[in-house]
Amino acid sequence: MARRAVKTIDQNLDLSQVFKKPEELSTPWSSETIFERLAPLELEIGSGKGLFLSRVADQFPEHNFIGIEIGQKYARFSAARLYNRKNHNAIIVCGDAAKILHDQIPDNFLAAVHVYFPDPWWKRAHRKRRILRLEVLRLIERRLQPNGTFHFWTDVEEYFLSTLELLASNSPLMGPFEVPEKEAEHDFDYRTHFERRTRLHGEKVYRAIFRKPLIRD
Ligand SMILES: C[S@@+](CC[C@H](N)C(=O)[O-])C[C@H]1O[C@@H](n2cnc3c(N)ncnc32)[C@H](O)[C@@H]1O
């Protein structure tokens with residue numbers, strides 16, 4: 001499905017509290033320095049227009065949320081959703097999630113990692129550009145806390161099955177656990193924009209959750 005252009009956000013809006021470049025955050029990340037409080041931190045990779053992030057940040061004020069989005073226009077659009085909220089528990093970082101996971105996020109740190117509808121890179125020769133390639137899946141597993149969860153949804157069956165296979169042969173994560181489809185109660189009652197578009201087109205969504213074991217074998 002082709003992607004619709006995102007609206008440009010007013011350049012005068014001061015998004016500095018919710019839109020960050022990787023170098024503006026401490027290395028390694030620490031919840032106290034980023035949010036000035038200790039709370040479980042959930043990471044979303046590839047936030048797009050930020051529907052998931054803005055909704056869960058309101059639903060779970062006791063958690064902190066960071067979305068990483070590489071596209072500047074999308075990152076600003078998502079940040080504008082987070083701007084002016086009562087709770088200061090969510091920010092967008094504009095950068096490459098693979099590099100940030102590698103360079104800035106400590107091991108056993110994240111309560112959850114969410115990846116929804118990652119770019120499929122259809123051509124076989126381009127598949128090494130996928131965000132859920134083996135080296136990044138290994139990083140996700142290491143950065144999750146014991147008992148932390150990894151959530152992966154896509155509309156691309158081949159991407160789904162090959163990721164499940166990669167995890168089964170290379171990772172101690174437990175799963176996949178199935179996620180039942182939920183009836184939408186209103187027009188934006190979807191996890192992300194891509195889920196909304198996929199379901200409104202009558203196409204299938206593949207969903208899985210994995211959990212990091214408490215003790216590694
Ligand atoms: C197909 S869109 C899905 C957006 C959103 N998750 C949704 O479901 O509506 C994939 C998003 O991942 C972002 N992305 C791709 N590679 C990335 C990377 N290495 N780091 C962070 N974001 C990335 C893209 O810019 C794009 O916004």
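This is a predicted model: local features need pLDDT of at least 70, side-chain atom pairs count only at pLDDT 80 or more; totals for chains, interfaces and linings use all residues.
Student: How many residues surround the ligand, and which are the closest?
Tutor: The ligand is surrounded by 17 residues, with Gly46, Glu69, Asp96, Tyr116 and Thr192 the closest.

Student: What is the make-up of that shell by class?
Tutor: Seven of its residues are nonpolar, six are polar and four are charged.

Student: Which helix and which strand each supply at least two residues of the shell?
Tutor: They are helix 7 (193-200) and strand 3 (64-69).

Student: What lies 2.7 Å from an oxygen atom of the ligand?
Tutor: That is a polar side-chain atom of Thr192. On the backbone side, a polar atom of Tyr116 is 2.8 Å from a nitrogen atom of the ligand, and a backbone N or O atom of Ile70 is 3.2 Å from a ligand nitrogen atom.

Student: And how much of the ligand's area does the protein bury?
Tutor: The protein buries 90% of the 590 Å² that the ligand exposes when taken alone.

Student: Changing topic, which residues have the most contacts inside the largest nonpolar core?
Tutor: Trp29 and Phe150 do, in a core of 38 residues.

Student: What does Trp29 touch, leaving aside its neighbours within four places in sequence?
Tutor: Its contacts include Ile34, Leu41, Leu43, Ile66, Ile68 and Val93. Also among them are Ile100, Gln104, Ile105, Pro106 and Phe109.

Student: Which residues are in the other core?
Tutor: That core lies apart from the largest one and has 23 residues, among them Val18, Ala79, Ile92 and Trp153.

Student: What do nonpolar side chains tend to do in soluble globular proteins?
Tutor: In such proteins they tend to be buried together.

Key. Residues are numbered from 1 along each chain as its sequence is written. Side-chain values use heavy atoms; hydrogens and water are left out. A residue is near a molecule or strand if one of its heavy atoms lies within 4 Å of it. A polar contact is a pair of N or O atoms within 3.5 Å; within protein, one must be able to donate a hydrogen and the other to accept it, and residues adjacent in sequence count only if both atoms are side-chain atoms. Accessible areas come from the Shrake-Rupley method with a 1.4 Å probe; for residues, only the protein chains shown count as cover. Helices (H or I, at least four residues) and strands (E, at least two) are DSSP runs, numbered from the N terminus. Ala, Val, Leu, Ile, Met, Phe, Trp, Tyr, Cys and Pro count as nonpolar, Asp, Glu, Lys and Arg as charged, and the others, Gly among them, as polar. A nonpolar core is a set of buried Ala, Val, Leu, Ile, Met, Phe, Trp, Tyr and Cys residues joined through side-chain atoms within 4.5 Å. Buried means under 20% relative accessible area, exposed over 50%, partly exposed in between (1.4 Å probe, protein chains only). Contact means heavy atoms within 4.5 Å.
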